[in-house]
Amino acid sequence: MSPIDRERMLQTFLALVTTDSGSLKEGKMADQVESRLRAMGFEVWRDDAGQKVGGETGNVIGRLPGTRQGRTLLLTAHMDRVTPGTGIKPQIKNGEITSDGTTILGADDAAGITAILEGVRTALDQGIERPTIEVIFSIGEEIGLLGSRNVDLTQLTAKECYVLDSSTPVGCMICQAPAQAKLNFTIIGKAAHAGVEPEKGISALQVAAKAIANMKLGRIDEETTANFGIVRGGTATNIVMEKLELLGDVRSLQMPKLEAQVEHMTRCIAEACEAAGARYEREYSIAYGPLNLKPEDFVVRQAEAAIRRAGLEPQRRATGGGSDANMYNTRGLQAINLGCGYRGAHSLKETQSIEGLENLCRVVLGLIEVYAGL
């Protein structure tokens, strides 16, 4: 396998993490990756996903014609990052890249973007035969997979894709990830003066407390979780709470289990409301479906072959979080999420090893070779 230019790779990564790129504010990052793709000969365009979700830019999509006939290779990573993620000042020590401790590093997902850019560039520099390569650099992944939800897949020729966006070690493949349901309950009781006539009120808070006391939450089984993460309600300390909102989610690898958990939570709310003379409203939606890949699936076999070409041993894993891979699979494009090797994602202690980044570039180069039939 051709060597990766480590110094150039490092400079690409540093340029990306020092480019501010919040969710729906990916304009500067989009400009940078588009420029780099065009310099490699890609046809590049942006879709209207940004207009649909109120962002600065759409997804950046590129296509590089192949030198060999065959299947198209689609590589994807996301351009946005969580907060605090502006003004990043990367530090390098003992082969590890971190921030200065006041922000995240942004390796999630600058590592994925770097590996795609440098893996393809290495293939071009070395004159390696290649398939047609398509890329998607998506927006709004961190706030609901908005880019992958709204990208026009009919513009692509690939039938499967490789998402570079997992905090597992390089060589890991996320083959299972849960579906997610979004739940918003509003419990409506009756206001009353809490000091003068509290008995005339119906406390939405007490109703919610009784409902939650009867509810299974947290780890339901090895495939299913449920949580309320936001509670909002009340207008004053001397008023019996009339209205309370409970916002949460349910996740499961199996849709029947997810639906059963949603109905269980709804039933607990309904019974508590009926007993107290309150009522409730429910908003419910499926954010994305599950990722359930089998060892014999095409993307798994191709990813394994590429990882071995990179000198690593592939590992199949499951996760409790969602990614663009969930959304692409939900929309009919078989996708697998690959480990990028960063640690401490979404925290001030986020770290990316230079060796791990180089290995990730090798995996991308391996995918190019596998798809080219080399």
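This is a predicted model: local features need pLDDT of at least 70, side-chain atom pairs count only at pLDDT 80 or more; totals for chains, interfaces and linings use all residues.

Reader: What kind of peptide bond joins Asp108 and Asp109?

Author: The general idea comes before the case. Most peptide bonds are trans, and most residues other than glycine have a negative phi. The bond between Asp108 and Asp109 is cis, with omega about 20°.

Reader: Where does Pro84 lie?

Author: Pro84 sits in the loop between strand 3 (73-78) and strand 4 (91-93).

Reader: On to phi. What is the phi of Asn94?

Author: The general idea again: a negative phi is what most residues other than glycine have. Asn94 is not a glycine, yet its phi is positive, near 55°. Asn94 belongs to the loop between strand 4 and strand 5 (96-98).

Reader: Is Asn94 buried or exposed?

Author: Exposed means over 50% relative accessible area. Asn94 has 72% relative accessibility, so Asn94 counts as exposed.

Reader: What is the phi of His346, and where is that residue found?

Author: His346 has a positive phi of about 70°, and it is not a glycine. His346 is found in the loop between strand 16 (334-339) and strand 17 (352-353).

Reader: How accessible is His346?

Author: Its relative accessible area is 45%, so His346 is partly exposed. That class runs between the buried limit of 20% and the exposed limit of 50%.

Conventions:
Residues are numbered from 1 along each chain as its sequence is written. Side-chain values use heavy atoms; hydrogens and water are left out. Helices (H or I, at least four residues) and strands (E, at least two) are DSSP runs, numbered from the N terminus. Buried means under 20% relative accessible area, exposed over 50%, partly exposed in between (1.4 Å probe, protein chains only).
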